[in-house]
Amino acid sequence: MKFGFQVMLRGAASSGDDLASIARSGEQFGFDIIAPNDHLIVPKGIDSTYPYTDDGIWPGASVVECHDQLTSMAFIAGHTDNIRILTSVMVVPYREPVLTAKIIATADLLSKGRIILGCGVGWMSEEMEAIGTEPFEERGKVTDEYIKVFKELWTAEKPRYEGDYVKFSEILFKPLPIQKPHPPVWIGGESKAALRRVARLGDGWFPAANNPKFTISTPNDLATRLELLKTVCDEEDRNFDELDIGFFFTGGVSSKERRSADGDRQLLTGQPSDIAADINKFNDAGLGTLICIFQRPELGETLEQMEWFGKEVIPLVRGI
């Protein structure tokens, strides 16, 4: 099992010193992956439905701060030595694909092969309109095409592409990423369309726990969804066993035991041994990488939570 942590590019990670401290500390505490999130601007009025809350309201709407994800990715790489950097997730339609492919290739090369490209289609039409993307309603098709463009640029000796949104030929794209054939592409999302994108274009699947339409809150939920992914892979003639399986556990991880309404202990809360047992159940269900969130409003508390998990929980799972 590999372990990672989400970092929201605001709050405790607002300054360069603090973001560098979080990244270096994560490496020191035994984490394998750091996963920065992605937003570029925050519209004042958001009517779009956020897919990860019951009421459809985005909790980040009241927060104006948001560093650029790809700039932050390169910054993190420069302040660390071994930890991998997962875009969690990069909203693919936000950015012109040839330039984006170049940024990611450069970051992968300079970081000595530490980039994992988490990809999503996005949900906020107001943000896409302000950025000037292709039409919001076509974001699924745009995402598919842009991922194909990335792979063409990262692997072809003489890349060329003729699509609905991107066209190029007679170009050279050097240097290539250090990872071969290219940085792993993990597809975010929980819907059937997302699973089909995984089978067609992904090297891994990276769902989140808190989508009310496709909740994945327990190991059994994950196992059920993985069975569906296996079926989709069979339909698409894709080998399921080739895929990395990551999971963003959005519930709070805590040394303080919490109880649900029915009195059961909530997952990933309580004693380190209880949390390790929960993680082992996810592992048994087929999970390869667990991403959690430890970020608190203040840097000190964030680092304290990360250190506790890294020193008390991870060794139990790994048998160290």
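User: Which residues do ring pairs link into a cluster?

Analyst: The cluster is made up of Phe3, Phe5, Phe31, Phe294, Trp308 and Phe309, joined to one another by ring pairs. The model in which they are found is a predicted one. Two rings are taken as a pair if their centres lie within 6.5 Å.

User: Where do Phe150 and Trp154 lie, and are they buried or exposed?

Analyst: Both residues belong to helix H5, which covers residues 139-155. They are four residues apart, which corresponds to about one turn of the helix. Phe150 and Trp154 are both buried.

User: Why is the pair of Phe247 and Phe282 given its own class, and which class is it?

Analyst: The centres of these two rings are 5.5 Å apart and the planes stand at 35°, so the pair is tilted. An angle under 30 degrees would have made a pair stacked and one over 60 would have made it edge-to-face; the remaining angles count as tilted. This pair links distant parts of the chain, since Phe247 is in strand S10 and Phe282 in helix H8, 35 residues apart. Phe247 and Phe282 are both buried.

User: How do you know whether Glu170 counts as buried or exposed?

Analyst: The relative accessibility of Glu170 is 74%. Exposed means over 50%, and therefore Glu170 counts as exposed. Glu170 is placed in the loop between S7 and S8. Although Glu170 is not a glycine, its phi is positive, at about 55°.

User: What makes Leu268 count as buried or exposed?

Analyst: Leu268 has a relative accessibility of 0%. Buried means under 20%, so Leu268 counts as buried. Leu268 is found in the loop between strand S10 (244-248) and helix H8 (272-285). Its phi is also positive, about 60°, although Leu268 is not a glycine.

User: Which peptide bond has omega near 0°, and which has omega near -25°?

Analyst: The bond from Lys180 to Pro181 has omega near 0° and is cis. Pro181 lies in the loop between strand S7 (167-168) and strand S8 (185-188). The bond from Ser88 to Val89, with omega near -25°, is cis as well. Val89 is in the loop between strand S3 (84-86) and strand S4 (90-91).

User: How do you know whether the radius of gyration agrees with a compact globule?

Analyst: For 320 residues, a compact globule would have a radius of gyration near 20 Å; the protein chain has 19 Å, and therefore the value agrees. The C-alpha atoms fill a box of roughly 60 × 45 × 45 Å along the principal axes. Of the 320 residues, 51% are buried. Among contacts with a separation of 6 or more, 70% are between residues 24 or more positions apart.

User: How many helices and strands are there in the protein chain?

Analyst: The protein chain contains nine helices and 11 strands.

Note on methods
Residues numbered from 1 in each chain as written. Predicted model: local features only at pLDDT ≥ 70, side-chain atom pairs only at ≥ 80, totals over all residues. Heavy atoms only, no water. Helix = DSSP H or I, 4+ residues; strand = E, 2+ residues; numbered from the N terminus. Rg over C-alpha atoms; globule rule 2.2 N^0.38 Å. Buried < 20%, exposed > 50% of the residue type's maximum accessible area, 1.4 Å probe, protein only. Contact = heavy atoms within 4.5 Å. Phe/Tyr/Trp six-rings, centres within 6.5 Å; stacked < 30°, edge-to-face > 60°.
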